[in-house]
Amino acid sequence: IIYFFILISHIVLSIAVIPFVLITFVRGITNQVEKHKKIAKITFPLWLYVAISGVVVYVMISPYY
């Protein structure tokens with residue numbers, strides 16, 4: 001049950017974080033610092049969770065292969 005919760009949340013958030021990452025990247029590149037900081041406060045924790053949960057899912061499933 002824990003594995004499936006982490007897996008489903010990882011999949012859903014990995015899809016949802018894509019626009020946030022793109023907008024944050026564009027605002028950083030175009031030097032819109034205030035707007036970049038505002039959206040980066042949301043984007044970074046989401047991206048970090050997706051990155052860490054991906055590794056956790058891999059480690060949890062690897063004994064079965």
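Q: In which helix is leucine 22 found?
A: This is a predicted model, where local features need pLDDT of at least 70 and side-chain atom pairs count only at pLDDT 80 or more, while totals for chains, interfaces and linings use all residues. Residues are numbered from 1 along each chain as its sequence is written, and side-chain values use heavy atoms, with hydrogens and water left out. Helices (H or I, at least four residues) and strands (E, at least two) are DSSP runs numbered from the N terminus. Leucine 22 belongs to helix 1.

Q: Is leucine 22 buried or exposed?
A: Buried means under 20% relative accessible area, exposed over 50%, and partly exposed in between (1.4 Å probe, protein chains only). Leucine 22 has 52% relative accessibility, so it counts as exposed.

Q: How far apart in space are leucine 22 and phenylalanine 5?
A: In sequence, leucine 22 and phenylalanine 5 are 17 residues apart. From C-alpha to C-alpha, the two are separated by 26 Å.

Q: How many helices does the protein have?
A: The secondary structure has 0 strands. Helix 1 covers 2-29, and helix 2 covers residues 33-61. The number of helices is 2.

Q: What is the radius of gyration of the protein?
A: The C-alpha atoms fill a box of roughly 45 × 20 × 15 Å along the principal axes. Of the 65 residues, 18% count as buried. The radius of gyration is taken over C-alpha atoms, and the globule rule is 2.2 Å times the number of residues to the power 0.38. A compact globule of 65 residues would be near 11 Å, but the protein has 15 Å.

Q: What is the C-alpha separation of leucine 13 and tryptophan 47?
A: Leucine 13 is part of helix 1, and its relative accessible area is 24%, so it is partly exposed. Along the sequence, leucine 13 and tryptophan 47 are 34 residues apart. In space, C-alpha to C-alpha, the separation is 8.2 Å.

Q: What distance separates the C-alpha atoms of methionine 60 and tyrosine 3?
A: Methionine 60 is in helix 2 and is partly exposed because its relative accessibility is 32%. Methionine 60 and tyrosine 3 are 57 residues apart along the chain. Their C-alpha atoms are separated by 7.2 Å.

Q: Which element gives the most to the nonpolar patch?
A: Patches are made of residues with over 30% relative accessible area and no salt bridge; like charges are joined within 9 Å and nonpolar side chains (Val, Leu, Ile, Met, Phe, Trp, Tyr) within 5 Å. The nonpolar surface patch holds Ile2, Val21, Phe44, Trp47, Leu48, Ile52, Val56 and Met60, with about 710 Å² of accessible area together. Helix 1 and helix 2 each give two or more residues to the nonpolar patch. With 6 residues, the element that gives the most is helix 2.

Q: What is the relative accessibility of isoleucine 2?
A: Isoleucine 2 is found in helix 1. Isoleucine 2 counts as exposed because its relative accessibility is 62%.

Q: Which residues form the positive surface patch?
A: Lys and Arg count as positive, with the charge placed at NZ of Lys or CZ of Arg. Lysine 37, in helix 2, has a relative accessible area of 47%, so it is partly exposed. The patch is formed by Lys35, Lys37, Lys38 and Lys41.

Key: Areas by Shrake-Rupley, 256 points an atom, 1.4 Å probe, with all protein chains shown as cover. Salt bridge = Lys/Arg side-chain N within 4 Å of Asp/Glu carboxyl O.
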